[in-house]
Amino acid sequence: MSVEKAIRQYVLENYLFTDDESELANNDSFLDKGILDSTGILEIINLIEDEFKVKVEDDEMVPENLDSVNNIVSYVERKQG
Amino acid sequence: MFLSIIDKLREAVGMYPDKVAIIDNEDKYTYTSLWQEIVACNAYLIKKGLLPGDRVALLLDNSFEYITSYYGVLAVGGVVVALNTSSKSSDVINWLDNSGANILITESKYSDLYNEVIDSCKSLDVINLDLMHRHDELLVWSGSMGIHNADIYHSPEIFQETNAAIIYTSGTTGKPKGVTLSHGNFIANFTEVINYLELTKNDSIVNILPFYYSYGNSILHTHLMSGATIILENSFMYPAKTLSKIIDNNVTGFSGVPATYAILLNRVNLDDYDLGCLRYVTQAGGAMPQAHIHKLISKLPHVKLFIMYGQTEATARLTYLDPEKLIDKLGSVGKPLHGIDLQIRDENNNKLGSSETGEIYVSGPNIMNGYWNNQQLTNEVLIDNYIKTGDLGFIDEEGYVFLTGRRSDMIKVGGNRISPLEIEEVINQLDGIVEVAATGVDDEILGQVIKLTVVLNDKSTINEKEIKAFCRKKLALYKIPKYINFVEALPKTASGKIQRYLL
């Protein structure tokens with residue numbers, strides 16, 4: 001499964017509780033839109049580490065890498081090289 | 001002569017005019033520029049017709065504008081009603097209705113929310129700071145008034161008992177609980193906090209706590225009264241970013257709830273960060289696991305860790321544990337602040353002796369005036385000037401307070417206090433629900449999370465996801481149940497009361 005699809009599916013299922021794809025835009029800010037809180041972002045990090053075998057370093061836990069589907073996709077692709 | 005919150009701030013402005021008071025993203029504001037904006041806000045609100053005693057609601061993120069609005073309202077002699085920004089419109093409508101606030105100061109980020117509210121509150125005057133017309137390149141309040149270097153300020157008469165703020169501690173269940181705090185409450189409590197934290201102009205803090213709650217509100221006032229610097233960080237979603245801010249700004253203080261430290265200890269390698277600048281950290285908002293206290297001490301041996309206990313009804317703080325006694329009195333929340341009488345009483349209201357467990361009652365100059373517009377509830381909680389806290393505990397022979405639980409069914413998720421009735425009321429709006437109970441279950445990070453136990457009727461096909469989706473529409477994020485359990489019937493006593501402890 002692609003990173004984009006996996007993240008979208010996870011957020012829709014576990015935080016928006018819906019199958020309606022239109023509820024989540026890929027550039028929606030998780031923080032500004034109130035989609036995730038601080039524990040939610042930790043769960044997303046666990047997902048990234050488990051599913052995509054990417055180690056999220058402390059200094060990489062920043063909004064530029066994690067605050068939207070698009071940001072996560074770019075970050076994971078960069079890490080996977 | 002009594003000095004109000006505004007007088008105390010003005011004193012700090014006089015003493016530290018060029019010192020940086022607030023850092024908000026890339027912008028730095030000195031005490032003088034902060035004061036000028038407050039005076040301009042004061043002039044704006046007076047022009048709007050605001051009178052002493054009028055309530056003004058704030059629906060704003062922590063920001064320089066939040067702070068200038070807050071003190072601007074106080075400078076008129078008004079009462080600040082700072083609203084929880086993660087709330088849904090039903091809560092906001094209820095709070096505006098209860099408080100009688102006719103002005104709402106907000107920002108475009110919350111336009112969906114306040115537009116829903118406007119329909120129900122026709123007389124509400126919404127001031128959206130992002131849409132304010134500004135003269136020149138001035139800050140928002142100065143710019144809207146077209147005044148440079150505002151310094152003309154006529155202080156209203158403010159007494160010790162004059163109301164300063166209403167803090168709502170629960171949502172839509174019945175009549176809202178608006179904790180009404182006076183200038184005297186604030187001054188008494190924050191003077192004590194400043195004393196035990198030994199705050200001075202040399203201190204600075206990266207603040208992640210919302211100012212609309214009493215803990216964050218306490219940080220705001222105590223630091224500004226001390227001439228310290230507050231660096232705003234609106235969330236703890238990215239702990240590494242917060243730690244970098246602490247290091248980059250050579251920060252001396254940090255405050256969090258147990259969940260903050262659970263995240264710091266479990267998700268971040270603190271050894272990678274040079275936190276030598278930190279002088280102290282504080283923890284309130286529920287009990288922190290003792291293992292986390294030990295770990296925090298070992299990771300930050302040079303830092304004073306203050307374990308604190310309080311209630312919104314007591315302005316913020318009731319007790320603190322002297323860091324020197326942290327290991328000796330592990331598990332204690334310390335001793336009452338100067339001027340606070342803390343008693344343990346049994347169910348018949350008799351005072352208990354040392355080491356006997358009962359309910360905690362407190363009295364002192366920090367105890368609220370009451371719940372706004374809710375005399376019945378005030379009478380239930382405020383008895384002979386003592387607050388019935390709902391917390392259970394005991395005092396040992398040396399006067400240290402230990403908490404053992406809660407008498408009420410309130411759930412505490414990551415520092416947020418939630419009434420189970422509020423959740424149940426929302427769930428009961430769904431078709432097919434026979435009955436429901438919300439309870440708190442232990443969680444490693446958040447302290448507690450919400451578990452729903454639901455009884456459906458025979459025809460109902462509603463599932464867990466649909467219930468959570470409904471909650472998301474109706475409740476703030478932290479109130480959404482994590483677990484949902486479907487059962488045939490709820491356990492009850494002979495008189496029909498739900499036995500929550502069995503769920």
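Reader: Which residue is the bridge partner of Gln343(B) in E17(B)?

Author: Gln343(B) is bridged to Tyr361(B). The model is predicted: local features need pLDDT of at least 70, side-chain atom pairs count only at pLDDT 80 or more, and totals for chains, interfaces and linings use all residues. Residues are numbered from 1 along each chain as its sequence is written, chains are lettered from A and ligands numbered from 1 in the order in which they are written, and side-chain values use heavy atoms, with hydrogens and water left out.

Reader: What makes E16(B) and E17(B) a pair of strands?

Author: Strands pair if DSSP finds at least two bridges between them. E16(B) and strand E17 (residues 358-363) of chain B are joined by five bridges and run antiparallel, so they meet that condition. The strands themselves are DSSP runs (E, at least two residues; helices are H or I, at least four), numbered from the N terminus.

Reader: Why is E16(B) called largely enclosed?

Author: Because four of the five residues of strand E16 (residues 341-345) of chain B are buried. Buried means under 20% relative accessible area, exposed over 50%, and partly exposed in between (1.4 Å probe, protein chains only).

Reader: How do you know that Arg345(B) sits over the ring of Tyr361(B)?

Author: The test takes NZ of Lys or CZ of Arg, which must be within 6 Å of the ring centre and within 35 degrees of the ring normal. The charged end of Arg345(B) is 4.2 Å from the centre of the Tyr361(B) ring and sits over it. Arg317(B) is placed over the ring of Tyr215(B) in this sense too, at 5.1 Å from its centre.

Reader: What makes E6(B) and E18(B) edge strands?

Author: The sheet of chain B is open, has seven strands in the order E6-E5-E3-E4-E7-E8-E18, and its pairing is mixed. Strands E6 (125-128) and E18 (370-371) each have a single partner strand, so one side of each has no neighbour in the sheet. For E18(B), strand E8 (residues 178-182) of chain B pairs with it in the antiparallel sense over two bridges. In that pairing, Val179(B) is opposite Tyr371(B).

Reader: Are Phe254(B) and Tyr261(B) buried or exposed?

Author: Phe254(B) is buried at 3% relative accessible area, and Tyr261(B) is buried at 1%.

Reader: Which residues does Ile246(B) touch?

Author: Contact means heavy atoms within 4.5 Å. Leaving aside residues up to four places away in sequence, Ile246(B) touches Val206(B), Val251(B), Phe254(B), Leu275(B), Cys277(B) and Leu278(B). Ile246(B) lies in helix H9 (residues 239-248) of chain B and is buried, with a relative accessible area of 2%. Its C-alpha is 8.0 Å from that of Cys277(B), 31 residues away in sequence.

Reader: What makes Asp384(B) exposed?

Author: Asp384(B) has a relative accessible area of 68%, so it is exposed. Asp384(B) is found in the loop between strand E19 (382-383) and strand E20 (386-395) of chain B.
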